[in-house]
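Please look at the sequence and the model first, and then read on.

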Amino acid sequence: MSEENKKIIYSAMQPSGIPSLGNYLGALKNWKNLQNEYNCIYAIANMHAITVRQDPTELRKKTRDLLTLFMAIGIDPEKNILYVQSDVKAHAELAWVLNCFTYMGELSRMTQFKDKSAKHADNINAGLFTYPVLMAADILLYNADLVPVGEDQRQHLEITRDIAERFNNIYGDVFTVPDGYIPKVGARIMGLQEPERKMSKSESDNDNNVIYMLDDLGRAANKIKRAVTDSDNEVRLSPDKPGISNLLNIYAAVTGKSAEEAEGEFVGCGYGEFKKCVADAVIEELRPIQERFKELSSDKAYIDKVIKDGAEKAAYIANKTLRKVQRKVGFPV
Ligand code: AQP
């Protein structure tokens, strides 16, 4: 299929920490696979990241590291657009316009806002509240047809669609109304110590709960060996066995099997042996990525160039959409 006929996929990740195994298996691994079939635009959402307090020096480093990690996974900056959100001013400008087409009631219903305000009770800022509007601006600037979304982001895609339709109803067909893209293989990875909660990269309370993609491999294996299980010593998928089910899901997502296939492989296997197999699979997946990351990181000039080129390519598309919107709402352009 020619480049022009391919659908546009948009996705972003916050540089709020080193990506977790959850970010990788739930998002990044699929991003790599989508690049042949779609025109993909992938952003480092550093503007979203500051809705939670960040150390400035750390944030700059994490932003660069995340972009480098995208490439280490195999996301090609020539084939796709990889860029840093704050490099493209149109995001902030469109977000303001869209704020004026979004209702307080809609934003109040967002479960991520409720969760994050509970987690950061000392800093419930307006940015946290209008986070979904900035996300709508991200997606709509690039005329995205499809947005890969996990369960946790479904509400944000819905509000993006509502805002786009509301705007189009007033001003004509300005925005492409995006659909959710449900990946063929998807996974929701839970914490290793708290398998009732999703694994998150900004987790700070318990390091053993999360595998970070750049963890020392021996340490990553130990985290899996220490993962919470239960006492019946049966490797089986079940809602009342969240720890074991999570490890089966991890194994399945890494090896490209279904969770049921993975379950079948471990019938009669003890927990110790099972955990070792999961750890080995995870390590073999992470090893080449970490090696490539190290190689790429040492080439500062190359990373600088990818960031600069990505910003230019992204801004070209985003500014076109922004100008259209500005004309429609009556700004002098
Ligand atoms: N545990 C998970 N399992 C599967 N997918 C996950 N994602 C996140 N956690 C899991 C997916 O990763 C993508 C990027 O997410 P993000 O960085 O925009 O923010 P998030 O969803 O809030 O991810 P984190 O790791 O939990 O970040 P923090 O700790 O900063 O809040 C999304 O596609 C998401 O579905």
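A residue is called buried if its relative accessible area is under 20%, exposed if that area is over 50%, and partly exposed in between, with a 1.4 Å probe and only protein chains taken into account. Helices (H or I, at least four residues) and strands (E, at least two) are DSSP runs, numbered from the N terminus.

The model is a predicted one, in which local features need pLDDT of at least 70 and side-chain atom pairs count only at pLDDT 80 or more, while totals for chains, interfaces and linings use all residues. Residues are numbered from 1 along each chain as its sequence is written, and side-chain values use heavy atoms, with hydrogens and water left out.

**Helix α6**

In helix α6, which spans residues 111-119, the buried residues are Q112, F113 and S117. These residues lie on the same side of α6 because they cover an arc of only 125° around the axis, the arc being that of the directions from the helix axis to the C-beta atoms. The exposed residues D115 and A118 sit on the face of α6 that is turned away from its buried side. Among the elements that cover the buried residues of α6 are α7 (126-141) and α8 (154-171), where contact means heavy atoms within 4.5 Å.

**The ligand and its surroundings**

| Residue atom | Ligand atom | Distance |
|---|---|---|
| S16, polar side-chain atom | oxygen | 2.5 Å |
| M199, backbone N or O atom | nitrogen | 2.9 Å |
| S200, polar side-chain atom | oxygen | 2.5 Å |

Taken alone, the ligand exposes 640 Å², of which the protein buries 93%, as computed by the Shrake-Rupley method with a 1.4 Å probe.

**Residue S16**

S16 is placed in the loop between β1 (8-13) and α1, and it is buried, with a relative accessible area of 13%. The side chains of S16 and K201 are joined by a polar contact of 3.0 Å. Apart from neighbours within four places in sequence, S16 is in contact with Q54, K62, K201 and S202.

Technical notes: A polar contact is a pair of N or O atoms within 3.5 Å; within protein, one must be able to donate a hydrogen and the other to accept it, and residues adjacent in sequence count only if both atoms are side-chain atoms.
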